[in-house]
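Please keep the sequence and the 3D view open while reading.

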Amino acid sequence: MAPRIQRDGGLDVDVNSGSGLASPEQLPGYEFRPYRGHGDHDAMAAVRLGCAQQDRTDAHSVVEGLPTAAEIAEASVGLDDPTRNQVLVEHNGGVVGYATIRWWQERDGTWLYLHRGYLLPEHRGQGVGSAMLDWAESRIRWLVQQHGTTRTSVIGANAMASEREATALLLEAGYRRVFSLVELELPDLQQLADERPLPATIRIGAVEPGNYRAAWKTVVDSYADAAFTQRWTFESFLATADPTCWRAAWDGENMAGVALCSIRRNDPTAGEVEELSVRAQSRRLGLGRALLLDGLRCLREHGARTARLYTGTANPYRSYELYESVGFRRQNEYVRYRKPA
């Protein structure tokens, strides 16, 4: 059966109704269907695993690794109307791919509608990936009309630099690369770099509950001039707070910077540096390095043996040079693409 898509955002109208999807003759044996909930999670996880070798997926990535069925379930619950914004591709009754749509507003007012698709390698090169892309774009354009965000919306797509087929498909469809994230790993927390002296007015310590809002504000302010960043409310900051290895630097009475580090939920031997932010007026004093090392020591004390983080390649402060100076090494690159809605 051929993919089916509905102009009102559903999945019921035939592919030949002006949707731009491939015809039944071009995709024999394939069917697009809505996400149905719990019973799909194992199959979706199997798709991700089946793509891993071809796409050189890093199973330990903090950006995009190999999710379990439980993690896919959690992510699906977080979608707005997952049965309409997540589609599965079946071939002869088995799930061979899926695509997901989500959206949010960025700091500059732009509404980003992001789609991400996965297709088993043996089913690539037959027009299925193009059909998935067409479904996502058609659905997004319908959502944009419904939300009234036509003037401020863009379509986004993600692909790892190692995903050659996905990259080629996006470029051919008119997407342009706007920025990328580079992930880095410190393979041995027992081998930390030496500390360097700080100005006498600086002190570093734990972030107590009374300082949570100041820590959040420090991070938010550090992104004030950064493009392509999502709005981050204090409530969402608190919802994911894991302050055990949060460290802050004060210059006198003022918080000058933070390192928000955590043990990864599904791997107690792995730590993550989620944020490292230093206020503009306190940069070039060595605070970033000192906070990073203090956070890494805390991760080590709580059982982590390795640590991961990611940073933007367009970072004007070239933070990846700081990370490499204390022993982090680059892993994969995660590219962000966009096109007009």
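A search of the whole structure, which is a predicted model, finds eight aromatic pairs. Rings of Phe, Tyr and Trp (its six-membered ring) count as a pair if their centres lie within 6.5 Å; planes under 30 degrees apart are called stacked, over 60 edge-to-face, and the rest tilted. Local features need pLDDT of at least 70 and side-chain atom pairs count only at pLDDT 80 or more, while totals for chains, interfaces and linings use all residues. Residues are numbered from 1 along each chain as its sequence is written, and side-chain values use heavy atoms, with hydrogens and water left out.

**Aromatic contacts**

- The ring centres of Tyr212 and Trp246 are 5.5 Å apart and the planes stand at 70°, so this pair is edge-to-face.
- Tyr212 belongs to helix α6 (residues 212-222) and Trp246 to strand β8 (residues 245-251), so the pair ties together parts 34 residues apart in sequence. Helices (H or I, at least four residues) and strands (E, at least two) are DSSP runs, numbered from the N terminus.
- Tyr212 and Trp246 are both buried, where buried means under 20% relative accessible area, exposed over 50%, and partly exposed in between (1.4 Å probe, protein chains only).
- One aromatic cluster is formed by Tyr212, Trp216, Trp232, Phe234, Phe237 and Trp246.

**Charges over rings**

- The charged end of Arg213 sits over the ring of Phe234, at 3.9 Å from its centre. The criterion is NZ of Lys or CZ of Arg within 6 Å of the ring centre and within 35 degrees of the ring normal.
- Arg48 lies over the face of Tyr118, 4.0 Å from the ring centre.

**Largest cavity**

- One cavity of 30 Å³ or more is counted. On a 1 Å grid over the protein atoms alone, a cavity is a set of points where a 1.4 Å probe fits but cannot get out; a pocket is an open set with protein on both sides within 12 Å along at least five of seven lines; lining residues have an atom within 4 Å of a point.
- The largest cavity has a volume of about 70 Å³, a volume being the space filled by probe spheres set on the grid points.
- Arg48 and Tyr118 are among the residues that line the largest cavity, which also include Cys51, Asp55, Arg116 and Glu163.
- Helix α1 (41-55) and strand β4 each give two or more residues to this lining, and α1 has the largest share, three residues.
- By class, the cavity lining has four nonpolar, two polar and five charged residues. Ala, Val, Leu, Ile, Met, Phe, Trp, Tyr, Cys and Pro count as nonpolar, Asp, Glu, Lys and Arg as charged, and the others, Gly among them, as polar.

**Second largest pocket**

- The second largest pocket has a volume of about 470 Å³.
- Of its 26 lining residues, Gly117, Gly129, Glu165, Ala166 and Leu169 are the closest to its centre.
- β4 (111-119), α4 (128-147), β5 (153-160) and α5 (164-172) are the elements that give two or more residues to the lining of this pocket.
- The pocket lining has 13 nonpolar, seven polar and six charged residues.

**Overall build**

- The protein has nine helices and 12 strands.
- Its C-alpha trace spans about 75 × 40 × 35 Å along the principal axes.
- Buried residues make up 49% of the 341 residues.
- Ala226, in the loop between α6 and α7 (234-239), is partly exposed, with a relative accessible area of 31%.
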